[in-house]
Amino acid sequence: MNLDWSVVWQHRDALLAGTATTIVLTVATMAIAVPCGMVVAILRLYAWKPVAALATAYVEFFRNLPLILVVYWAFYVLPILTGVGLSPLATGLSALALNVTAYNAETFRAGINSIRRGQLDAAMALGMGRAQALRRVVLPQAMRRILPVLASTWVSLFKDTSLVSVIAVTELAYVAMQIRAQTFRVLEMLTAMAIIYWLLGYPQAKLVDWIQRRFAVTE
Amino acid sequence: MDFDFTVITSHARFLGSGIVTTLALSLASGLTSLAAGLVVALARLYGPRWLRPVVVLYIDSMRAIPVLVVLVWTFFALPIVTGLTMPPFAAALLGLTMHLAAYAAEIVRAGIESVRPGQMRAAVALGMSRGQAVRRILMPQALVRMLPAFGSFLSITIKDTAIASVIAVTELMRQSETLAGQSFQPIEVFSFAMLVYFVILFPVTRGVDFVYRRVAYLGRS
């Protein structure tokens, strides 16, 4: 076995660009999926029955599908259904956002449900509107339980961005596998890819542990 | 827009073999990673002191690296290291087990740690060895408490097998992708695949929750 690790250094610019795309995808997906997840959760909890049922169906459907299938589906089916051709990046982002929104909606719903009903009743008895009571009384308390879950969803999402490589989004996994195919330096490139993910993901996983300890709710 | 779902019925055996492979890979990797996870968790909790940091590093690393990366590395890079080529199914089983065992280990650890320490002390005070106490007193209570987590673990396992399509395991995702490409009918094929995954996954999570509600009282102490 002769190994040539210089191939990793030679392609540092491409790998760096791929890493940047991975991070952008993670941040952009979360930026979409947090507000959307909140809306879906509120629809599920307080909207008119048929709308609530629709929101529930959406959440249950996407939580029970492999993300990679959603990615393929978005790539092949979305352009036909909508008639709009999106770039691979936008397609990947849509698939990730559809998936994470469903998870976040469930997180928000569970967080809001964990606050006793009396809190909402009391706030409304004091003359607040329902929206106001939610915003001022229920959500601030629910946030303590929601934040740690959002943090671990973040780490899962960071890893899941690698799945959009199957539709040629030039993020880290795709870039590394492209270089592997061009240079035939299989072991070096795949190991480098794993190490880069590890370097980025390990501190995030540790940060999540810290957030979970910091916000632990003892009953 | 016209839909023609005969593409599904005319390729029923092709897609059916994919479903069988998906189920076989899910079952196999679920079982091996549960067994491996149990060993890892016991090593973390009761193993020799020098072993614990190694185990923690392994678990946290698997939380940091995408399963796609683990699978691709196991299939393409590992044979270069070992000199042994593996068929895709075996590589997928190995890669998924490496990845999922870390999750299983965390579930087992959380379950065991949720049992109050007094239970262990009481068992030891009654003359049991630590191994006996873990086996006879802690585990039975912990297992019941782990049930809901195992439900989501099983669902994660089934979803992760779809990623094995990347290393050419001919499971449902791979078969659907091939058929979608050949028939130029991606809408019908992928919609069918979505339906199948949903029909497999939805009852798994619901079923485990149902069983848990029935046996939850056994886990109280």
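How many helices and strands are there in chain A? Chain A holds 10 helices and 0 strands, where helices (H or I, at least four residues) and strands (E, at least two) are DSSP runs numbered from the N terminus. The structure is a predicted model, in which local features need pLDDT of at least 70, side-chain atom pairs count only at pLDDT 80 or more, and totals for chains, interfaces and linings use all residues. Residues are numbered from 1 along each chain as its sequence is written, while chains are lettered from A and ligands numbered from 1 in the order in which they are written.

View 1. From the N terminus on, the elements of chain A follow the order α-α-α-α-α-α-α-α-α-α. The C-alpha trace of chain A spans about 75 × 45 × 25 Å along its principal axes. Of the 219 residues in chain A, 42% are buried; a buried residue has 20 or more other C-beta atoms within 10 Å of its own, with C-beta atoms placed from the backbone. Among contacts in chain A between residues at least 6 apart in sequence, 74% link residues at least 24 apart, a contact being two residues whose C-beta atoms, placed from the backbone, lie within 7 Å.

View 2. Chain B comprises 9 helices and 0 strands, and its pattern along the sequence is α-α-α-α-α-α-α-α-α. Its C-alpha atoms fill a box of roughly 70 × 45 × 25 Å, taken along the principal axes. Buried residues account for 40% of the 221 residues in chain B.

**View 3. The contact of chain B with chain A.** Chain B contributes 31 residues to the contact and chain A contributes 30 residues. On the side of chain B that touches chain A, two or more residues are given by each of α3 (51-64), α4 (67-82), α8 (172-183) and α9 (186-215) of chain B. The largest share of that side, 9 residues, belongs to α9(B). The side of chain B divides into 25 nonpolar, 2 polar and 4 charged residues; Ala, Val, Leu, Ile, Met, Phe, Trp, Tyr, Cys and Pro count as nonpolar, Asp, Glu, Lys and Arg as charged, and the others, Gly among them, as polar.

View 4. B:Met173 lies in helix α8 of chain B. Why is B:Met173 classed as buried? B:Met173 is buried because 26 other C-beta atoms lie within 10 Å. Leaving aside neighbours within four places in sequence, B:Met173 is in contact with A:Pro66, A:Ile68 and A:Leu69, and with B:Ala162, B:Ser165 and B:Ala193. B:Met194 stands 21 residues from B:Met173 along the chain, and their C-alpha atoms are separated by 9.4 Å.

Methods. Buried ≥ 20, exposed ≤ 12 C-beta atoms within 10 Å, placed from the backbone.
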